[in-house]
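Let's take a walk through this structure together.

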Amino acid sequence: MSDLFRAIEQIESLEHTRTTNCPKCSAQKEIQQLDIYADCPNCQTHYKVRAFSANIEIEDVIAESLAWLIRDNKFDEIVESIKNAIEDD
Ligand SMILES: [Zn+2]
């Protein structure tokens, strides 16, 4: 199985949100999967929940894909093209 095929499978099964725990008081908070920071609902600590590193994670691939999508104001054009391709399937 190729790495790209595996990446597509990971994206398809990835939830939009996940739960994180505050490093100071352990309070749980639901965050968006691509969030990099969170604010604790209990003690208001601002903490990092995801970091760009040498180990590329599927969230990094999605974030980079979204950055590509909005580059040069091509978002609407590209999304329309994808919608048409899905409808033709
Ligand atoms: Zn906290």
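Start with who touches whom: of the contacts in the chain with a separation of 6 or more, 21% are between residues 24 or more positions apart. Two residues are in contact here if their C-beta atoms, placed from the backbone, lie within 7 Å.

Before going on, keep in mind that this is a predicted model, where local features need pLDDT of at least 70, side-chain atom pairs count only at pLDDT 80 or more, and totals for chains, interfaces and linings use all residues. Residues are numbered from 1 along each chain as its sequence is written.

Now for the parts list. The chain has three helices and four strands, and from the N terminus the order is α-β-β-β-β-α-α. Helices (H or I, at least four residues) and strands (E, at least two) are DSSP runs, numbered from the N terminus.

What about overall size? Along the principal axes, the C-alpha atoms fill a box of roughly 50 × 35 × 25 Å.

Finally, zoom in on two helices. Helix α1 covers residues 3-13 and helix α2 covers residues 58-70; their axes come within 10 Å and cross at roughly 90°. The axes are lines fitted to C-alpha atoms, for helices over the stretch in contact, and angles run from 0 to 180 degrees between N-to-C directions. So α1 and α2 are roughly perpendicular to each other, a label for angles of 65 to 115 degrees. Where they meet, α1 brings Ala7, Gln10 and Ile11, while α2 brings Ile58, Val61 and Ile62.

Notes
Parallel < 35°, antiparallel > 145°, perpendicular 65-115°, else oblique.
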